[in-house]
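Reader: I am new to this structure and would like a close look at one part of it, with its surroundings described carefully.
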Amino acid sequence: MERYFKDNIVAIVTPNANGPIGIIRISGQESKQILEKIFIKRSKKTTKNIKSRQLCFGLLTTSIHDVFDEALAVYMKGPDTFTGEDVVEIFCHGNLCLLNSVIRKILSLKTEFKIRAAEPGEFSKRAYLNDKIDLTKAESICEIINAETEDALMLSIQNTHGKLRLYIEEIKVLLTEILAQIEVTFEFSEEDLQVIGEAKVKDILIKIVDRLTTLEQGYEQTVILERGINVAIVGDVNVGKSSLFNEILLEEKAIVTDAAGTTRDIVEGSLLLDGVKINVKDTAGLRCTDNPIEKIGIGKTNDLIKTVDIVLFVIDEPFSCEKVKQKIEEAMLSIDKTIIILNKADILFADADSGLIDPLAIKAYTDAMSDVVVVSARTRFGLNEVINKIKAQIRDKVSRTCMVHINQRQCLKIFEVKERLLKLLNGTQLSFECDREIIAEEIRISIDTLDEITGAITSDDVLGEIFSKFCVGK
Ligand SMILES: Nc1nc2c(ncn2[C@@H]2O[C@H](COP(=O)(O)OP(=O)(O)OP(=O)(O)O)[C@@H](O)[C@H]2O)c(=O)[nH]1
Ligand SMILES: [Mg+2]
């Protein structure tokens with residue numbers, strides 16, 4: 001741990017691109033002296049000293065000969081800073097050449113100061129090592145930066161306020177209660193044991209397992225919120241899959257032609273529905289073919305079908321119930337995740353006189369085929385109904401009650417504890433009377449595992465892995 005406190009680190013904290021403003025951050029004991037070497041405060045007042053938490057205007061030195069930039073800088077004395085150390089932030093023009101030349105200038109001071117470039121996530125790692133934040137908060141910072149939807153953002157922000165830590169602390173309190181119940185029995189004779197604790201211990205264990213299950217569900221929700229819901233458009237060739245894909249995305253993304261077998265690769269696009277990211281995938285039409293390229297495309301479609309959350313299965317003939325069922329079976333689709341779409345309503349249900357879609361003709365068909373949504377990709381008829389069906393499936397998959405952002409690492413620890421406790425609850429070999437020491441030990445290990453989530457206990461390797469996922473400057 002010592003090494004973290006000895007050297008100063010520097011990084012550009014704004015994105016790796018040109019922009020209006022660029023920010024450079026330095027953290028470490030010598031931050032202020034480093035700033036004073038590269039920044040000349042210009043002030044009408046006589047005082048030239050840089051004071052803590054006072055934004056100063058001045059000239060910034062670069063590594064380019066004779067080039068100075070006008071900039072603002074602030075020095076914040078620790079420990080009330082993000083990293084807990086002295087921190088400097090410099091706000092200059094957001095040109096990457098300029099920012100890099102300032103960094104080079106700062107690093108060139110390494111003969112005078114212990115200064116080096118920050119590793120990914122190192123500012124957050126120092127904040128954690130200096131007890132400014134716990135591990136759930138550190139991880140949520142990275143998750144906030146990467147959140148793509150409002151829900152994912154909201155949940156990550158809640159963890160910076162300690163939502164997950166609180167859940168974990170509550171479970172730890174319950175486990176500690178059990179430990180106390182068991183430890184108290186160490187004083188008693190075998191006959192008294194039944195009376196003292198077993199029922200209560202089991203009750204608390206059941207309660208904890210319930211809470212851990214809720215947290216595991218939180219992980220499933222997190223995955224959906226972060227990666228979105230995957231929707232594949234599948235069906236025979238030429239039924240209008242690509243046309244539908246383009247209309248759903250409101251973008252001419254996939255090629256549409258009247259030639260059967262136009263689409264080969266999977267074409268992807270995304271949109272937000274009810275705050276959830278929907279990844280729509282257009283696929284190669286299913287048919288028997290000798291064309292080797294098309295065959296590869298159909299292979300990709302078949303692989304994709306197995307992994308997506310929702311399939312929009314498109315037909316362009318008003319088939320009977322049995323025929324639709326047969327086609328779904330042939331395509332090996334699970335009916336639960338399939339929305340059947342009959343496309344080309346503009347020609348299939350055209351009124352003889354006006355040539356327009358005849359709602360009565362559609363009603364006659366859908367009365368018998370209630371699960372089929374009739375649409376026309378050409379006129380956008382029925383498209384809202386498709387969107388509503390997708391939204392209904394989202395509601396099934398994303399329950400917004402009891403949501404907490406859980407990442408994979410945290411979920412694995414939760415799973416580990418749940419498995420351990422379930423073994424205690426269901427284990428036939430262990431008896432409360434004879435194996436109190438073993439049970440107590442299992443509870444202690446469970447508490448330690450939960451501590452690994454909040455970071456109360458952790459190893460250098462785990463820390464290295466967590467923070468290496470961060471971007472430089474965070
Ligand atoms: N009249 C009418 N024609 C449509 C409709 N949707 C698609 N088409 C036409 O049907 C033909 C095939 O459309 P695509 O969207 O390329 O069909 P696909 O299912 O992607 O075809 P493949 O990629 O070859 O499997 C094109 O000529 C489209 O203009 C529709 O709703 N009404
Ligand atoms: Mg296509």
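Is Thr-301 buried or exposed, and what is its relative accessible area?

Author: In this predicted model, Thr-301 is buried, since its relative accessible area is 0%, and a residue counts as buried when that value is under 20%. Thr-301 belongs to helix α11, which covers residues 292–307. Setting aside the neighbours within four places in sequence, the residues in contact with Thr-301 are Val-234, Thr-283, Ala-284 and Leu-286.

From there we can turn to helix α10. This helix is mostly covered, with eight of its nine residues buried; they are Lys-241, Ser-242, Leu-244, Phe-245, Asn-246, Glu-247, Ile-248 and Leu-249. The cover over these buried residues includes the strands β8 (229–235), β9, β10 (276–282), β11 (310–315) and β12 (338–342), together with α15 (383–397).

Because Ser-242 lies in α10 (residues 241–249) while Thr-263 lies in the loop between α10 and β9 (267–273), the pair ties together parts that are 21 residues apart in sequence. Thr-263, like Ser-242, is buried.

Two helix pairs complete the picture. The axes of α9 (residues 198–227) and α16 (residues 408–426) come within 9 Å and cross at roughly 155°, so that α9 is roughly antiparallel to α16, and the crossing is left-handed. Among the residues that make this contact are Leu-205, Ile-206, Val-209 and Leu-212 of α9, and Ile-414, Phe-415, Leu-421 and Leu-425 of α16; by class, the contact has 15 nonpolar, two polar and three charged residues.

The other pair is α5 (residues 135–146) and α6 (residues 150–160), whose axes lie 8 Å apart at an angle of about 155°, which means that α5 is roughly antiparallel to α6. Their crossing is left-handed. On the α5 side the contact is made by Thr-136, Lys-137, Ser-140, Ile-141, Glu-143 and Ile-144, and on the α6 side by Leu-153, Ser-156, Ile-157, Asn-159 and Thr-160; these residues divide into four nonpolar, five polar and two charged.

Methods:
Residues numbered from 1 in each chain as written. Chains lettered and ligands numbered in written order. Predicted model: local features only at pLDDT ≥ 70, side-chain atom pairs only at ≥ 80, totals over all residues. Heavy atoms only, no water. Helix = DSSP H or I, 4+ residues; strand = E, 2+ residues; numbered from the N terminus. Buried < 20%, exposed > 50% of the residue type's maximum accessible area, 1.4 Å probe, protein only. Contact = heavy atoms within 4.5 Å. Axes fitted to C-alpha atoms, helices over the stretch in contact; angles between N-to-C directions. Parallel < 35°, antiparallel > 145°, perpendicular 65-115°, else oblique. Left-handed = near helix turned anticlockwise from the far one by under 90°. Nonpolar A, V, L, I, M, F, W, Y, C, P; charged D, E, K, R; others polar.
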